Amino acid sequence: MTRPDDAVILVTGGSRGIGAACARALADDGWAVALTYRTSPDGAARTVHDIEGAGGRATALELDVTDAGAIGAAVEAAGATLGGPVVGLVNNAGVRADDLAVSLDDDAWDVVLDTNLTAAFRLTRQALRGMVRARFGRIVNVASVVGPRANAGQANYAAAKSGLIGFTRTAATEVARRGVTINAVAPGFITTDMTAGILQNGALEAIPARRAGEPDEVAACVRFLASDGAGYVTGTTLFVDGGLSA
Amino acid sequence: MSTTVTAERVEQVVYQALESFGADPSEFSREATFEQLDVDSLDLAELSQIAEEEFGVPLKGDDVKGIRTVGDAIDLIVSRA
């Protein structure tokens with residue numbers, strides 16, 4: 001099955017970083033893109049402007065992905081605004097709140113699990129309703145090399161991202177015969193606001209590629225996984241980490 | 001959203017849905033079990049969604065867990081409409 005006409009893809013956290021790069025790449029591939037933002041309306045508007053300037057279609061929606069009551073309305077708004085079925089979803093919105101496990105407080109644990117894992121589950125549950133009926137869907141979860149690989153100070157982030165990979169595998173098998181694929185990408189160290197200040201010389205030496213990755217390099221992988229050509233790829237995790245986890 | 005809900009209309013919609021899931025229409029009857037028709041939990045989840053879209057009847061997971069036959073599904077939807 002191929003992507004329906006006027007297909008819409010929802011990209012959470014699309015105002016900057018990996019999310020913005022994904023939004024641009026997906027629009028370039030013919031998707032109508034609804035990108036969400038929480039704290040960066042200007043960044044979201046810039047991304048929409050970039051996409052429209054390149055001949056694509058996009059809209060920006062304000063959404064706190066941890067607000068369970070807002071998920072249904074957001075998915076509906078994405079489809080209504082862009083005039084097409086929401087058959088794509090990129091669960092990219094994420095936060096970190098680092099501390100050692102011995103010191104991590106409940107709030108730091110909860111916000112990271114809620115934003116990076118539970119939100120992805122809720123959005124997937126909502127989006128699958130339309131995808132299953134449409135007999136077509138593409139869901140890409142932005143996980144991380146952290147989780148499968150240890151990173152001291154990020155036990156909460158690691159738990160959320162590992163959980164996201166597990167969720168991806170099982171959910172993918174449930175809906176595969178409906179033409180819906182669910183995959184994850186696992187970025188390593190990517191040059192974004194989230195990693196600003198983290199990357200130092202020592203960290204770079206651990207990366208076989210000896211450099212951080214760029215958001216566009218992750219977006220290229222998301223673009224592929226969301227494409228018609230990736231219809232037989234599901235339940236898998238594509239590591240985009242310069243060899244860090246090899 | 002909801003039209004006049006008759007048992008006949010519900011049966012028609014249920015049968016159409018089952019056929020779209022790949023079940024063999026020649027085996028359809030009220031007594032046919034979902035197991036016999038090779039209709040599984042994903043299909044029933046979609047059937048629940050169809051019931052909600054067609055008849056405004058929201059079915060939760062627990063509602064669907066107890067149904068075994070086509071007749072069970074038809075009766076459940078009719079009773080909730």
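In this predicted model, the elements of chain B run α-α-α-α from the N terminus on. Chain B has four helices and zero strands. Its radius of gyration is 11 Å, close to the 12 Å that the globule rule gives for 81 residues, so chain B is as compact as a globular protein of that length. Along the principal axes, the C-alpha atoms of chain B fill a box of roughly 30 × 25 × 20 Å. Buried residues account for 27% of the 81 residues. Contacts in chain B were also sorted by sequence separation. Among those between residues at least 6 apart, 57% join residues at least 24 apart.

Helix α2 of chain B covers residues 41-55. This helix has 15 residues and spans 20 Å from its first C-alpha to its last. That span is close to the 21 Å expected at 1.5 Å a residue. The buried residues of α2(B) are B:Asp43, B:Leu44, B:Glu46, B:Leu47, B:Ser48, B:Ala51, B:Glu54 and B:Phe55. An α-helix has 3.6 residues a turn, so residues three or four places apart point the same way. The cover over the buried residues of α2(B) comes from both chains. It includes α4 (106-134) of chain A, together with α1 (7-20), α3 (61-65) and α4 of chain B. Just after α2(B), B:Gly56 takes a positive phi of about 70 degrees.

Helix α4 of chain B comprises residues 70-80. B:Ile74 is buried, because 20 other C-beta atoms lie within 10 Å and the cut-off for burial is 20 or more. B:Leu76 has 19 other C-beta atoms within 10 Å and is therefore partly exposed. Leaving aside neighbours within four places in sequence, B:Ile74 is in contact with B:Ala7, B:Val10, B:Glu11, B:Val14 and B:Arg30. B:Ile74 and B:Thr6 are 68 residues apart along the chain, yet their C-alpha atoms are separated by 10 Å. B:Leu76 touches B:Asp63 and B:Ile67, again not counting residues up to four places away. The C-alpha atoms of B:Leu76 and B:Asp63 lie 8.3 Å apart, with a sequence separation of 13 residues.

The nonpolar cores were then compared. The largest has 78 residues. Those with the most contacts inside this core are A:Ile9, A:Val33, A:Val185 and A:Val222. One of these, A:Val222, touches A:Cys22, A:Ala25, A:Val90, A:Val140 and A:Val185, not counting residues up to four places away in sequence. Another core, of 18 residues, lies apart from the largest one. Its members include B:Phe34, B:Leu47, B:Ala51 and B:Ile77. B:Leu47 and B:Ala51 are also among the buried residues of α2(B).

In chain A, strand β2 (residues 32-37) pairs with strand β3 (residues 57-62). The pairing is parallel and runs over six bridges. The chain crosses from β2(A) to β3(A) through helix α2 of chain A, residues 41-53. This β-α-β crossover is right-handed. Within the pair, A:Thr36 has A:Leu61 as its bridge partner in β3(A). In a regular strand the side chains alternate between the two faces of the sheet.

How values were computed: Residues numbered from 1 in each chain as written. Chains lettered and ligands numbered in written order. Predicted model: local features only at pLDDT ≥ 70, side-chain atom pairs only at ≥ 80, totals over all residues. Pairing = 2+ DSSP bridges. Helix = DSSP H or I, 4+ residues; strand = E, 2+ residues; numbered from the N terminus. Right-handed = clockwise from strand over helix to strand, strands pointing away. Rg over C-alpha atoms; globule rule 2.2 N^0.38 Å. Buried ≥ 20, exposed ≤ 12 C-beta atoms within 10 Å, placed from the backbone. Contact = placed C-beta atoms within 7 Å. Core = buried A, V, L, I, M, F, W, Y, C linked by C-beta atoms within 7 Å. Expected span 1.5 Å × (residues − 1).
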